[in-house]
Amino acid sequence: RKALIEAARWQIGKTVSYNPAYERLSYPMGDIPMERGVCTDVLIRAFRRGLDLDLQQLVHEDMRANFSEYPKNWGLSKPDKNIDHRRVPNLEKYFSRQGWRKLVSDDAEDYLPGDIVVCYVDNIRPHIMIISDRVNKEGIPLTIHNRGGGTRENNYLFGSPLKGHYRLPVEK
């Protein structure tokens, strides 16, 4: 998990804007330019750099085999390797299908460094973050994410109501 955190933190100062635009990507290992992205791009890049796992390929392959299991929020009739991995609800479904789901709580001690959490900003916009190995003065873990303005490490764990909590197996 330390490698995941370090790979997420490495993006601070490199990804400096928030841009959710749809783009055609190479496959596998496709990415938009490093200077921009959204919350999912922080996670995608951290998985690649820190864990050598390509969420674009993993999610796409799982969606191809199990498309009916995934959310239908976008009206697609088949998977789209350019965007599916960049959508929080699809990542939540993929992580759940991997058995990584944990209980959501309001107790900071339940969140370990490297955990992944999902909240809904203003109760409507899904947002995904990585739990840092640093804490604030109250002992609440910081999060690494891009909620706007680029990748940041800050005190946002309980900034919006949490809706999802995921923990990768120890060997990851």
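Predicted model: local features only at pLDDT ≥ 70, side-chain atom pairs only at ≥ 80, totals over all residues.
Residues are numbered from 1 along each chain as its sequence is written, and side-chain values use heavy atoms, with hydrogens and water left out.

Reader: Is Arg86 buried or exposed?
Author: Arg86 sits in the loop between α3 (55-66) and α4 (88-97). Helices (H or I, at least four residues) and strands (E, at least two) are DSSP runs, numbered from the N terminus. Buried means under 20% relative accessible area, exposed over 50%, partly exposed in between (1.4 Å probe, protein chains only). Arg86 has 7%, so it is buried.

Reader: Which side chain makes a polar contact with the side chain of Arg86?
Author: A polar contact is a pair of N or O atoms within 3.5 Å; within protein, one must be able to donate a hydrogen and the other to accept it, and residues adjacent in sequence count only if both atoms are side-chain atoms. The backbone oxygen of Ala21 lies 3.3 Å from a polar atom of the Arg86 side chain. The side-chain partner, at 2.8 Å, is Asp41.

Reader: How many residues of α4 are buried?
Author: The buried residues include Val88, Leu91 and Phe95. Among the elements they pack against are α2 (39-51) and β3 (116-121). α4 is mostly covered, and its buried count is 7 of 10.

Reader: Which salt bridge partner does Glu153 meet?
Author: A salt bridge is a side-chain nitrogen of Lys or Arg within 4 Å of a carboxyl oxygen of Asp or Glu. For Glu153, the N to O distance is 2.8 Å, and the partner is Arg9.

Reader: Why does this pair tie together parts that are apart in sequence?
Author: The side chains of Glu153 and Arg9 meet in a salt bridge. Glu153 lies in strand β6 (residues 152-154) and Arg9 in helix α1 (residues 2-9), so the parts tied together are apart by 144 residues.

Reader: Where is Arg97, the salt bridge partner of Asp62?
Author: The side chains of Asp62 and Arg97 meet at 2.7 Å, N to O. The two are 35 residues apart; Asp62 is in helix α3, and Arg97 is in helix α4.

Reader: Is Arg97 buried or partly exposed?
Author: Asp62 has 13% relative accessibility, so it counts as buried. Arg97 has 35%, so it counts as partly exposed.

Definitions and conventions:
Contact = heavy atoms within 4.5 Å.
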